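Here is a short briefing on a protein chain, written for someone who is new to reading structures. Please keep the sequence and the 3D view open as you go.

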Amino acid sequence: MDTQSLATLTEHVLLKLAQLPQGAQRLFHGRGRCFPGLEQITVDWLEGQILVALFKEPTFDELDKLNEEIINWTNKPEWNDSKAQSLLLQHRSRERSPTECLWGNYQEQQIVNEEDLLFQLDLGKNQNSGLFLDMRYGRRWVKENSQHKRVLNLFAYTCGFSVAAITGGADFVVNLDMAKAVLSRGRENHRLNQHDLNCVKFFAHDIFKSWGKIKKYGEYDLIIIDPPTFQRGSFALTKDYQKILRRLPELLTENGQVLACVNDPSIPAQFLIDGMREEAPNLEYQYRLANPPEFLDIDIESGLKALIFQKTSDEKLTN
């Protein structure tokens, strides 16, 4: 962290606060490497709570200067006008990613509204709050493309895609994730949105041991794949993604679609395009979803990759 660049951080955050942010959104994205010296800092607005995340441990002097800079935000008119309630600092490089409250009233559980979808966040308990803000356009796309569809949501986490799908009129959603706790949060997210849980299934299983159960509820009109880069003992993206791709044709309806995602800065979109061509050649690449503008990145391949594929007929494939 370059303390000389902290004025730039303040300038951008205050500019965003002056626009009176609502819901959940990123105010500053240093991780995109567009702001030299601030590559390890992000700032999020979470329904009035402002979360500053620090991804690399600074020196004591750097941390003191950062604290002084950001606490001074609370004296600015933009801060008061935004009605911010708290200022939180999360140390992502430390064990368990602890969060401290530097100002205001800290709420560890926070409900946020993203484009009329409600989500419960847990701040301070885990490294991630329960909602990945860079996937906003992905959830929007699912909401707009789920009417009367059966949806399979792999690596469901807290079921953000499932909430979007049911809101968009999906007939049925199957959520699968190894972590029972995040699926429980997903169930609460559906309840927050007053959804009929008879239309949603939650399976806390290893995907590679669950193909039979997955097929039982298919075929699916839409399959969403949004895996972690690495999950100890169960998933490594570069080794295991292909195992999922080759299963897709038998799980999809005739005109089924796939939203396949990668969020590793070292892996380009072409990894998915090539993998699909090799493992599921009757799934044709359509287009890549844009990322929200606040997630500006110096290299488009370093940010989130969310790609749409469409199943084609065997006849078209042979032609």
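The crossing of helices α8 and α10 is right-handed; a crossing is called left-handed if the near helix is turned anticlockwise from the far one by less than a right angle, and right-handed if clockwise. Helices here are DSSP runs of H or I with at least four residues, strands are runs of E with at least two, and both are numbered from the N terminus. This is a predicted model, in which local features need pLDDT of at least 70 and side-chain atom pairs count only at pLDDT 80 or more, while totals for chains, interfaces and linings use all residues. Residues are numbered from 1 along each chain as its sequence is written, and side-chain values use heavy atoms, with hydrogens and water left out.

**Helices α8 and α10**

- α8 and α10 pack at an angle of about 45°, with their axes 9 Å apart; the axes are lines fitted to C-alpha atoms, for helices over the stretch in contact, and angles run from 0 to 180 degrees between N-to-C directions.
- That angle makes α8 oblique to α10, since angles under 35 degrees count as roughly parallel, over 145 as roughly antiparallel, 65 to 115 as roughly perpendicular and the rest as oblique.
- Where do the two helices meet? L237, T238, Y241, Q242 and L245 in α8 meet F271, L272, G275, M276 and E279 in α10, where contact means heavy atoms within 4.5 Å.
- A handy background point is that an α-helix has 3.6 residues a turn, so residues three or four places apart point the same way.

**Aromatic rings**

- Rings of Phe, Tyr and Trp (its six-membered ring) pair if their centres lie within 6.5 Å; planes under 30 degrees apart count as stacked, over 60 as edge-to-face and the rest as tilted.
- By this rule there are 10 aromatic pairs.
- One of them is F172 with Y217, a stacked pair with 5.9 Å from centre to centre and 20° between the planes.
- This pair links distant parts of the chain, 45 residues apart: F172 is in strand β9 (residues 172-176), and Y217 is in the loop between α7 (211-216) and β11 (220-225).
- F172 is buried, with a relative accessible area of 10%, and Y217 is buried too, at 18%; buried means under 20%, exposed over 50%, and partly exposed in between (1.4 Å probe, protein chains only).
- Y241 and F271 have ring centres 6.2 Å apart and planes at 70°, so this pair is edge-to-face.
- Because Y241 lies in helix α8 (residues 237-245) and F271 in helix α10 (residues 270-279), the pair ties together parts that are 30 residues apart in sequence.
- Are Y241 and F271 buried or exposed? Both are buried.
- Ring pairs also join F155, F208, F235, Y241 and F271 into a cluster.

**Charges over rings**

- The charged end of R187 sits over the ring of F202, 4.4 Å from its centre; this label needs NZ of Lys or CZ of Arg within 6 Å of the ring centre and within 35 degrees of the ring normal.
- R139 lies over the face of F119, at 5.9 Å from the ring centre.

- R139 belongs to helix α4 (residues 136-144) and is buried, with a relative accessible area of 4%.
- Not counting residues up to four places away in sequence, R139 touches E114, F119, L131, F132, L133, G160, F161 and A164.
- The C-alpha atoms of R139 and G160 are separated by 7.0 Å, although these residues are 21 apart along the chain.
- α4 and α5 pack at an angle of about 35°, with their axes 7 Å apart, and their crossing is right-handed.
- Helix α5 (residues 160-167) is mostly covered, as 7 of its 8 residues are buried.

- Most residues other than glycine have a negative phi, and most peptide bonds are trans.
- K83 has a positive phi of about 60° although it is not a glycine, and K83 is exposed, with a relative accessible area of 62%.
- Y157, also not a glycine, has a positive phi of about 55° and is found in the loop between β8 and α5.
- A cis peptide bond joins G218 and E219, with omega about 15°.
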